[in-house]
Amino acid sequence: MDKSVSDQTKRYVYKNQRMFALVDRIKLWPSRSGVLHGVKVIEQRGNRLHVVTHCGEEFLVYDSKNSRSARWLRNRWCTCPCPACKIPAWKLSKYSSTVFTDSARSRT
Ligand SMILES: [Zn+2]
């Protein structure tokens with residue numbers, strides 16, 4: 001755990017920022033059916049996220065670090081990429097090598 005980073009970022013409201021930061025960084029979305037979609041647009045709308053996938057799905061989700069989507073992303077339970085989204089291989093391999101920590105600030 002990188003304590004210094006989490007201390008520096010304490011001014012951020014994690015519960016509202018984390019899911020957005022996570023998805024905004026990796027640009028992937030796990031659907032309920034276990035399919036991994038590519039994210040075209042993600043916007044913060046109050047305490048919710050507006051997500052548009054490359055295959056045209058559009059939805060609002062609550063931005064919670066404990067949401068199903070956040071858990072699925074962190075645990076990488078979605079292993080089947082959406083064929084319509086045409087997620088590039090580099091993005092999938094980047095995702096599979098991503099380390100999820102308590103501090104969700106972008107370090108790319
Ligand atoms: Zn898709």
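Tutor: Start with burial. Of the 108 residues in the protein chain, 20% are buried. Keep in mind that this is a predicted model.

Student: What is the mean pLDDT of the protein chain?

Tutor: The mean pLDDT is 79, and 76% of the residues reach 70 or more. Over residues 1-17 the pLDDT is below 50. Beyond near neighbours in sequence, that stretch has 17 contacts in the model.

Student: How many helices and strands does the protein chain have?

Tutor: There are four helices and five strands. Read from the N terminus, the order is α-α-β-β-β-β-α-β-α.

Student: Now the strands. What should I know about side chains in a strand?

Tutor: In a regular strand, side chains alternate between the two faces of the sheet. Next, look at which strands pair. β1 and β2 are antiparallel, with three bridges. β2 and β3 are antiparallel too, with six bridges. β3 and β4 pair in the antiparallel sense over five bridges.

Student: In what sense do β2 and β5 run, parallel or antiparallel?

Tutor: β2 and β5 run parallel, joined by two bridges. One of the partners is Pro81 in β5, which bridges to Leu36.

Student: Which residues stand opposite each other in the other pairs?

Tutor: Leu28 stands opposite Gly38 in β2. Arg45 has Arg48 in β3 as its bridge partner. Val51 stands opposite Phe59 in β4.

Student: How many residues sit between the strands in the hairpins?

Tutor: Take each hairpin in turn. β1 and β2 have four residues between them, and Gly34 in the turn has a positive phi of about 90°. β2 and β3 have two residues between them, and there Gly46 takes a positive phi near 65°. β3 and β4 have four residues between them, and Gly56 takes a positive phi near 100°.

Student: Which residues have a positive phi although they are not glycine?

Tutor: Lys27 is one of them, with a positive phi of about 55°. Lys27 sits in the loop between α2 and β1. Arg76 also has a positive phi of about 55° without being a glycine.

Student: Are Lys27 and Arg76 buried, exposed or partly exposed?

Tutor: Count C-beta neighbours. Lys27 has 18 inside 10 Å, so Lys27 counts as partly exposed. Arg76 has 14 other C-beta atoms within 10 Å, so Arg76 is partly exposed as well.

Student: How many buried residues does β4 have?

Tutor: The count is zero among its five residues, so β4 is hardly covered.

Student: And Gly38: what does Gly38 touch?

Tutor: Gly38 is in strand β2. Leave out residues up to four places away in sequence. Gly38 then touches Lys27, Leu28, Thr53, His54, Cys82, Cys85 and Ile87. With 19 C-beta neighbours inside 10 Å, Gly38 counts as partly exposed.

Student: Which residues of the largest nonpolar core touch the most other members?

Tutor: That core has 14 residues. Met19, Leu22, Val23, Trp29, Leu36, Leu49 and Ala70 touch the most other members. α2, β1, β3 and α3 each supply at least two residues of this core. α2 gives the most, with four residues. Look at Val23: beyond four places in sequence, Val23 touches Trp29, Val39, Ile42 and Leu49.

Student: Last, helices. Why do residues three or four places apart point the same way?

Tutor: An α-helix has 3.6 residues a turn, so residues at that spacing point the same way. Now try α3. Ser69, Ala70 and Leu73 are buried there. Seen down the axis of α3, the buried residues fall within an arc of 100°, so they line one face of the helix.

Definitions and conventions: Residues are numbered from 1 along each chain as its sequence is written. This is a predicted model: local features need pLDDT of at least 70, side-chain atom pairs count only at pLDDT 80 or more; totals for chains, interfaces and linings use all residues. A residue is buried if 20 or more other C-beta atoms lie within 10 Å of its own, exposed if 12 or fewer, and partly exposed in between; C-beta atoms are placed from the backbone. pLDDT is the predictor's confidence in each residue, from 0 to 100. Two residues are in contact if their C-beta atoms, placed from the backbone, lie within 7 Å. Two strands pair if DSSP finds at least two bridges between them. A nonpolar core is a set of buried Ala, Val, Leu, Ile, Met, Phe, Trp, Tyr and Cys residues joined through C-beta atoms within 7 Å. The arc is that of the directions from the helix axis to the C-beta atoms.
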